[in-house]
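I opened this notebook to keep track of what I looked up in one protein model.

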Amino acid sequence: MNSLFHDRLNLALLGLSLSGLIGGLVLWLTGQQDLAKIIWTAGVLPVLAALCIEIVRSLMKGEVGLDVVAALSMSAALLFGETLAAAVVALMYSGGTFLESFAQGRARREMSDLLSRVPRTATRHCNGALDEVPLNDIVPGDLLLIRQGDVAPVDGTVDSAGALLDQSALTGESMPIRLCNGQDVMSGSTNAGEAFDLRATRRAADSTYAGIVRLVEAAQESKAPMARLADRYSLVFLIVTVVLATAAWWFTGDPIRAVAVLVVATPCPLILAVPVALVAGLSRAAHYGVLIKGAKPLEALARINTLILDKTGTLTDGRPQIVSIDTRGGMSEDEVLYFAAALDQASKHPIAQAIIAAAHARGSTLPVPRNLVETPGDGVAGTVDGRKVVVGGTGFVAAQVGLTGPQSSTVEAGSVVVAVAVDGQLKGHLVMADALRAGTADLLAGLRKLKIGRILLATGDRRAVAEAVTKGLDLDGVRTDLTPDQKVLLVLTERKNGPVMMVGDGVNDAPALAAADIGVAMGARGAAASAEAADVVLLVDHLNRLLPGIEIAQRSRRIAIESVVAGIGLSIVGMIAAAFGYLTPVQGALLQEVIDVAVILNALRALRIVPGQKDVQAA
C-alpha cells in the first residue's frame, strides 16, 4: 500500500509540474505575464513541498542526498522571481523522481505466497471418521491422514507401516526416502507413495516449515538496503554547488547569478541517468529469461564477488535420470527399458516417471500393463505383452523371482539401482541419479571471466553424493549436510569477503537467498518460497542464464556511471559559465534539459546490450 501511494504521489507531482509549466507558457505567450508567474509558482510549490518532506526524512536517517540541490534551486528561483526557471526545474525533478520510482517498481511481493505450498486444512481421524480441520486446530497427538501427493502440514511421526516422502524442497535430497513406523516426518514433505497416517508432534506454528518462513523474514529484515548509486556523489557535488553559487553572489553582488548556478546544478543527470540505465538493463535481462526484481538488485548483481550454488535442482537437474543400463541374458538396453517403462506406467513414483520419460525419449510406444501388483516404495509386478515382469529395488526383484546373492555392482553415491526381471529371470539394471546439468563446467568458466572470484557449493545432501556430482568442477569449496540456518550462516560468513550471490530452488534455500546480497531462484520448477525470497528469478530452467544476467547487470551499471560522470561534468562547466554571468537562470534550465536528453540517450544504450558483444555506441 505504501509503495502504491508513493507511485501515485510521484505521478500526481509530475502532472502538476507539467501542467503548471505548459499553462504558464500559454499565458505568457498571450501577454498575461503576471498570471503566468502565478501558474508557474502553483506548479512548483507542491513539488517543492514534497521534496522538503523527503529531505527532512533523509536527514533524520542521517542521509544527505542530491535532492537538497534541487530544493535550493527551486527555492532561490522563486525567491528572486525566476518562476519560469523554477517551473523547469520542478518538471525535471518530478520527472526524475517518477522515473526512479518506476525503475525500482515493486521489488518483491510480500511473503504471503510462502505458505501456499502447505494446505490450509488437514484430514484428521476423529471417532472412526475423517474430518477436515483448520491447520491451527491441530494439536500434538492428533492422527492425520496424508494422501498421495499431499504435503505434511505439521511435524510428526509415521503411524502406518511406512511412508515414501519427497523431502527435496526441505533437505536438498533429490531421491524420495522410505520411512518406517515411528520415524520423524518434517512438515513441508510431499507424500510420494500411498496414503499413510501421521501422528502430529508439533503445532503448525512450531513446525519445520513455519520455522523456515521465520528464517526468511528475519534474513530479509537484516539485509540493509543498498544506497542509491547517485547519492554516492551527492556530498561532493552539493559542496561544489553551494561554494560556486555563494562565490558568484559574493563577488558580483548579483543574486541572480547564484540562482543561475543552482539551476544549472540541478542534479537531473544523477536522478535520471541511473534509473534509465538500470530500467533498460532490467528489460534487457528479462529478454534473456532473467527476471530481476528492481534496479537495486540489478546494481548489486553487477558487483558480486562470491557465488554460492545449491546442488539439487540447481547444479543438478533435480529429477532422477537414467545414467546407464546394465543388461543380462541377451536382452538389449532398449528392451530392458521398454519392459520397465511399460510396467511402471502403473506407478506414480518419481523414479517410475523418469523411466517412462526415458522410454518415450527413445521413441518407444508402451503397451498397457496387466495383472498389476504394486508394493509402495519397493516395486511393481505385472504382465507386459503376455510376459511376467517385475521392476523395483534389487532386493525386491530378487525376492520376487527367487534369486540369491548380490545382483548388481557397486554404484556411485547418490545413485539408485532399479532391477528388471522378465519371466523369472533378471534381465538388467537401470542406474538412476540426479545428474549434473549439461554445460556446468562451461558455465563456471564463464562466471570466472565475469570476475566471480569465489564459487562454492552448499547442499543439505551427504558429502559423498556432493563430491561425486561435482568431481572435476572448478569450485573453491563444497559444503555439505547443511540445514537452512547453516546455509544462512555460510552466506553471512562469505559476505565478509565481498557481495555474495546465492542460487537455489527449494524451500530450504529461501532463508539463504534472502540473506545474500543477491538471491537467485530457479523459477521454472522452484518452490514459491525461494522465488519470493530471491532478488532474481531465472524464468527458464537453465543455470547458464546467469551469464547473460550478470553481464547485462555489469554493463548497465557501467553505462549508468558513464552517464553520471558525463552529466555532472557538463553541469559543472555550465555552473562555472553561470557564475561568470554567461547564462541566465532560464538559459541554465534549458541547458540542463539539453544535458538531460544527452544523458538519457546514453543511458538507453543499455536497451541494446547483447551479451558477448562489445557495448554499442550512444544513439
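Predicted model: local features only at pLDDT ≥ 70, side-chain atom pairs only at ≥ 80, totals over all residues.

I looked up Lys487 and found a salt bridge with Asp310, with 3.3 Å between the closest N and O atoms. Lys487 sits in helix α17 (residues 484-494), and Asp310 is in the loop between β11 (306-309) and α11 (311-315), so this pair ties together parts 177 residues apart in sequence.

I searched the whole structure and the search gave 14 salt bridges. In one of them Arg555 is paired with Glu551, the closest N and O atoms lying 3.0 Å apart. Both residues belong to helix α20 (residues 546-579) and are four residues apart, about one turn of the helix. I recalled that an α-helix has 3.6 residues a turn, so residues three or four places apart point the same way. Arg555 and Glu551 are both buried.

I also looked up Arg605, which forms a salt bridge with Glu562, again with the closest N and O atoms 3.0 Å apart. This pair links distant parts of the chain: Glu562 is in helix α20, Arg605 is in the segment after α21 (585-603), and 43 residues separate them.

Which residues of helix α15 (residues 440-449) are buried? I listed Thr440, Leu443, Leu444, Gly446 and Leu447. Viewed down the axis of α15, these buried residues fall within an arc of 160 degrees, so they line one face of the helix. I checked the other side of α15 and found Asp442 and Lys449 exposed there. What do the buried residues of α15 pack against? I found β11, α11, β18 (454-458) and α20. Just after α15, Lys451 has a positive phi of about 70 degrees.

I counted the aromatic pairs and got three. Among them, Phe80 and Trp249 are edge-to-face, with 5.6 Å centre to centre and 90 degrees between the planes. The edge-to-face label applies because the angle between planes is over 60 degrees. Phe80 is in the loop between α3 (67-79) and α4 (83-104), and Trp249 is in helix α7 (residues 234-252), so I logged the pair as a link between distant parts of the chain, 169 residues apart. I looked up the exposure of each ring residue. Phe80 is partly exposed, with a relative accessible area of 29%. Trp249 is partly exposed too, at 39%.

I counted 21 helices and 22 strands. Of the 619 residues, 52% are buried. Among contacts with a separation of 6 or more, 67% are between residues 24 or more positions apart. The accessible surface comes to about 26900 Å², and carbon and sulfur atoms account for 58% of that surface.

Technical notes: Residues numbered from 1 in each chain as written. Heavy atoms only, no water. Helix = DSSP H or I, 4+ residues; strand = E, 2+ residues; numbered from the N terminus. Buried < 20%, exposed > 50% of the residue type's maximum accessible area, 1.4 Å probe, protein only. Contact = heavy atoms within 4.5 Å. Areas by Shrake-Rupley, 256 points an atom, 1.4 Å probe, with all protein chains shown as cover. Salt bridge = Lys/Arg side-chain N within 4 Å of Asp/Glu carboxyl O. Arc of directions from axis to C-beta. Phe/Tyr/Trp six-rings, centres within 6.5 Å; stacked < 30°, edge-to-face > 60°.
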